[in-house]
Amino acid sequence: MLNTDQFIELYRQMVTIRRFEEAVWELYTAAIMPGLAHLSIGQEAVPVGACAALRRDDYITSTHRGHGHCLAKGARIDRMFAELLGKVDGYCRGKGGSMHIADQDMGNLGANGIVGGSAAIAAGAGLSAKMRGTDQVVISFFGDGALNQGLLLESMNMAASWKLPAIYLCENNQYGEYTPMVSVTAGADITARGRAFGIPSFTVDGQDVLAVHACASEAVARARAGDGPTFLVCNTYRYRGHHVGDQLRAYRTREEEKEWEEQRDPIAGHAEWLISHNHATPADLERVDADARREIQEGIEFAKASPFPPLEEVTEHVYA
Amino acid sequence: MPIDVIMPKLEMAQDTGTVVRWLKAEGSTVQKGEPLLEIETDKVAVQVEAPGSGILSRVIAAEGEEVPVGQVIALISSPAEAAAAAPSAPAATPVAQRMAAAHNVDLQQVQTAGRRIEKQDIEAYLARGASQPQAAAPGLARLTPASPLARRLAWERGVAVTQLRGSGLDGAVLAADVRQQGPALPVQSPAFSPVVPEDRKQPIPQDYAPPGRTGTERGRGEGQVPSEGQPDSGYRVIPLKGTRKIIAERVQRSFQSAPHIALTLPVDMTEVRRLMERLSAAAPGHLPAGNGAGSKLGLTAILARCCAVALTHHPRLNAHVVEGSNASLEIREFASVHLGMAVALDDGLIVPVIRDAQAKGLSAIQAEIDDLVRRARAGALKLEEVKGSTFTISNLGMFGIEQFSAILNPPEVGLLAIGAIIPGPLEIQGQMVMRPLMRLTLMADHRAVDGAVGARFLATLKAMLENPYLLLT
Amino acid sequence: MSTLEPRPDELHAAVNGRELTFAEAIREALAEEMRRDPRVFLMGEDVGGAGGVFKVTEGIQAEFTPKRVIDTPISEAGIAGIAIGAALTGMRPVLEIMFGDFTTLVMDQMVNQAAKAYYMSGGKLSVPMVLRTTMGAGRRSAAQHSQSLHAWTSHIPGLKVVIPSTPYDAKGLLKSAIRDNSPVIIFEDKMMYKLKGPVPEGEYTIPLGLADVKREGQDITIVATSSMVHIALSAAERLSEQGISAEVIDPRTLFPLDAQTLISSAKKTSRALIVDEGYRRYGITGELASVITEGAFYYLDAPVRRIAAFDVPVPFSPPLEDATIPNEELVVKTALELLGRR
């Protein structure tokens, strides 16, 4: 059971992710950030709740929409921004960018530009932990788009067969890029896919950070105990488009967006819970928000001040 | 706007037409309606007329090329357009222009980092030219298929691959073709002289191996059979090209245009030998060696010296027969003796020239011979060193040849063919004695030299050689 | 290395004469590395109990237990991903993909994941794994089990590609590959598994990126890979009967590539011929020909020629299949053409 500080920490992390993503939006539209930016605004409860169940030496693999996973797994804001701007002080010396942030020190095996591309890598990290005799576990984050990648199913099959300490966590934000999930995904119950491999599989309210945390904690405990993988389907929603450039969002209605934002927002919901359960006052939460904004601002300044990598690095790090 | 010349569609089912022949060259003026080219479809061959008047500024489809109908095959431009399209001279500083003119540099070829070509750009261009295959040459060279190695060797040897006939696939010039050409030798040099064995250094046996025997252990070095050799047919083909070709053309022309006469006179070389022994015994210091130590006074130097002096007494032999200003032939007698010396090379020969030989002493001539022969064999002679001889000597004595006739080196009227020194009987004061005899044969162009004139020259030469102390006079 | 100086494998053969097959040499390398380093483990389809479809890993599971010799489901992409994940987190997996044709199924994992992790992470994540797979036609296995797709992976920065031709090289190169910190792919010609050759007992490795002059010569350079090395050597022998001295060079690794040895040889002989069993178009032969042409252009006396597999799916019918594979006859003929001896 978590204490007050930890409850507030969940709030702080969610707010930080949101402010981070809002700043990315601004950096991107101001043409300061190159490339693509896939924002996870609206989905903050999933990475925060899940990673709160992990130790520092546990692993995660992430997705193209991975800023939240990175921050929740302990990444520093300033170095993340530096990476997003392609600067030398970024986590990957500017070579990875938004879609490929990796931070081995925090057990982050990397975001991934290939949908479903890291599903088996996560299982491999689980196999490795098992072979090395540690009790490390790994969470494989992926979106609903990856549900239909064969690699995910291959990986689940092996994780189940070999009882690997892997948690398959689907962030079902309802849309694979510009296509509604339901229109391309067979079977009413996604969790049935996990159960087909004999994997305990659950649907979770992805907008409730405490629910996510509770389910993830149980899955982590199973994995640590050597009882194999768990499949969690967290229902959530991305408020923005597939990426910053997806402004039209013709595949869904403004009413639907409004409903999620106004009635199921994970940050507002958790704030309400903290206040109603006397863990914090509105003023406390204001302060948390203000701190987050300041930290984001400092991070951006840091990133802007950081130089681009020297050109000679272009041929470095091809071979280890 | 230039007018497009298109491949016409002449039949219903025609997709393409083939350019058979362009009747107008690129750059030439054409009138509307004038036949411009011949094309061929699978049914007909027709002439295509120019669709407009102007300059045929660009031919796009080459002869033999099959082109879809409707495609542009050439452009006709107005004179103004054509002039605008022509590359204008790049801007250059006055100094750069002067330098370019002095070094015969095409400013189009010079690169510059700035807006105008400057002095250092010309210098850089010239420096590059000295260390790289000429960039200026590709116009023609590009049309000659040649292997990269062949091009490199050719460049190193100062040979133009365009002058060589290739033995490779598609007639490509290969390294062997260049090597066969012999060492560096400017192709334009008037390499020529009379009969000198061509393949003096060529090992004969393997090249003429009988059928069925294909020399298996052959090395890669000198004398390797070129790949085009066909041992089975009993002979190999050596294309007449490069220096060989030049020699062939010149001797043929000389032999056909100049009526040759040959006069032979034996000379007693006893005193020359004595002179040579004395001089070489007299300490080498007396004869300053040319470029290398150990240079010894040789027979050729003495012959050259005597010959030069004798020629000053017989100017008719030191002459050219050439076409004069009024297009008729004339004889030109020269005051100075520029003595050509035939030098045999691996395959061919070259005739470097000792200038003003009549004014040079023995040691100077010896030094010059040593230097010229060495550089001739190394392929390092300059063009001016093989031009302008007024008389030529050719010595085959070292091969034991007793006497020989030769072909004149045009436009010279005389050539001295020197045989070996061989002991022979001589009547001296009623007694037959054995003496070292050398037979000198004067080859002369009868158009300029009559027999008696030649005989008198030989007599003078003989007198000098039999009493070389006359050289002191 | 001069002709007077014996090659290490020849020297060894002269001293104690131990010979192993290509398969045995690989097995010995695997076993030695697994004994040396507990992080090394094997995984693949039928590699354990069955000892591999080509019997290369026979007996390995018995020594190292199923924990370190893992039989996997038939999920090529999945097992590649698992190997990558294990390699990212401290293990050194050796993955077997039974047929080179099936590397098409692992392309995302090897190309987008394994090859890029080190670079994309700015040098923080590394993937020290080996992917062993096969190549080579001639086994009457038709179009989906006979291809030589080593060019695919050689194209990718971040991957190393090893292509041994002898038991000696296979063992020494595989040991180096396992110790390498980058992903390495080894292509083993399945037609060579029974090929015998000298392999000394005990420890040795061959560095990746070092070509081997399999035969010295003066007149023409034949660069050959994998089983084509043996075809090139036979051809060189026949050429020598005609007075032609052919140099046979085996690059041994396609990346890193020992370009200098290839270029130096071509400079020496002025003629080069490349023989490789991959498809001809956009393939290894084209790349090696370019390397030689760029490096030795002004020393070449003929165009660099290529001999490769026909650009057709490998046919089943034996005479048809044989026609698609480069052979000694063709190498001799092409070499003679290059030398102007037609």
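This is a predicted model: local features need pLDDT of at least 70, side-chain atom pairs count only at pLDDT 80 or more; totals for chains, interfaces and linings use all residues.
## Chains A and B at a glance

Chain A has 12 helices and 7 strands. Of its 320 residues, 55% count as buried. If you take the contacts in chain A with a separation of 6 or more, 76% of them link residues 24 or more positions apart.

Chain B contains 11 helices and 18 strands. Its 473 residues include 33% that are buried. For contacts in chain B with a separation of 6 or more, the share from residues 24 or more positions apart is 63%.

## The sheet in chain A

Chain A has an open sheet of 5 strands, and if you trace across it the order is S1-S2-S3-S7-S6, with parallel pairing. Strand S1 (59–61) and strand S6 (201–205) of chain A sit at the edges; each has a single partner strand, so one side of each has no neighbour in the sheet. On average, neighbouring strands are turned by 20° against each other, direction ignored. Inside that order, strand S3 (residues 166–172) and strand S7 (residues 230–235) of chain A run parallel and are joined by 6 bridges. One pair to look for is A:Asn172, whose bridge partner in S7(A) is A:Asn235.

Now for the helices lying on the sheet. H5(A) lies across S1, strand S2 (138–143) and S3 of chain A, and runs at about 175° to S2(A). Helix H9 (residues 209–224) of chain A lies across S3, S6 and S7 of chain A, at about 170° to S7(A).

## Where chain A meets chain C

Here 35 residues of chain A are in contact with 33 residues of chain C. On the chain A side, the elements that supply two or more residues are helix H5 (119–132) and helix H6 (150–161). H5(A) gives the most, with 12 residues. Sorted by class, the chain A side has 19 nonpolar, 11 polar and 5 charged residues.

## A buried helix in chain C

Next up is helix H5 of chain C, residues 107–120. Of its 14 residues, 10 are buried, so the helix is largely enclosed by the rest of the structure. The buried ones are C:Gln109, C:Met110, C:Gln113, C:Ala114, C:Ala115, C:Lys116, C:Ala117, C:Tyr118, C:Tyr119 and C:Met120.

What covers these residues? The cover includes H5 of chain A, along with helix H4 (76–88), strand S5 (130–135) and helix H6 (150–154) of chain C. Just after H5(C) ends, take a look at C:Gly122, which has a positive phi of about 65°.

## H2 and H7 of chain C

Helix H2 (residues 22–36) and helix H7 (residues 167–179) of chain C have axes that come within 8 Å and cross at roughly 25°. The two helices are therefore roughly parallel to each other, and their crossing is right-handed. From H2(C), the residues in the contact are C:Phe22, C:Ala25, C:Ile26, C:Glu28, C:Ala29, C:Glu32 and C:Glu33, and they meet C:Pro167, C:Ala170, C:Lys171, C:Leu174, C:Lys175 and C:Ile178 of H7(C). By class, that contact has 8 nonpolar, no polar and 5 charged residues.

C:Ala23 also lies in helix H2 of chain C. Is C:Ala23 buried or exposed? It has 23 C-beta neighbours inside 10 Å, so C:Ala23 counts as buried. Leaving aside residues up to four places away in sequence, C:Ala23 touches C:Phe54, C:Lys55, C:Val56 and C:Tyr193. C:Lys55 is 32 residues from C:Ala23 in sequence, but the C-alpha to C-alpha distance is 7.5 Å.

## A helix pair in chain B

Finally, chain B. Helix H9 (residues 299–313) and helix H11 (residues 451–466) of chain B pack at about 140°, and their axes are 9 Å apart. That angle makes H9(B) oblique to H11(B), and the crossing is right-handed.

Which residues of H9(B) and H11(B) make the contact? H9(B) brings B:Cys306, B:Cys307, B:Val309, B:Ala310 and B:His313, while H11(B) brings B:Phe457, B:Thr460, B:Leu461, B:Met464 and B:Leu465. By class, the contact has 8 nonpolar, 2 polar and no charged residues.

Notes
Residues are numbered from 1 along each chain as its sequence is written. Chains are lettered from A and ligands numbered from 1 in the order in which they are written. Two residues are in contact if their C-beta atoms, placed from the backbone, lie within 7 Å. Helices (H or I, at least four residues) and strands (E, at least two) are DSSP runs, numbered from the N terminus. Ala, Val, Leu, Ile, Met, Phe, Trp, Tyr, Cys and Pro count as nonpolar, Asp, Glu, Lys and Arg as charged, and the others, Gly among them, as polar. Two strands pair if DSSP finds at least two bridges between them. Axes are lines fitted to C-alpha atoms, for helices over the stretch in contact, and angles run from 0 to 180 degrees between N-to-C directions. A residue is buried if 20 or more other C-beta atoms lie within 10 Å of its own, exposed if 12 or fewer, and partly exposed in between; C-beta atoms are placed from the backbone. Angles under 35 degrees count as roughly parallel, over 145 as roughly antiparallel, 65 to 115 as roughly perpendicular and the rest as oblique. A crossing is left-handed if the near helix is turned anticlockwise from the far one by less than a right angle, and right-handed if clockwise.
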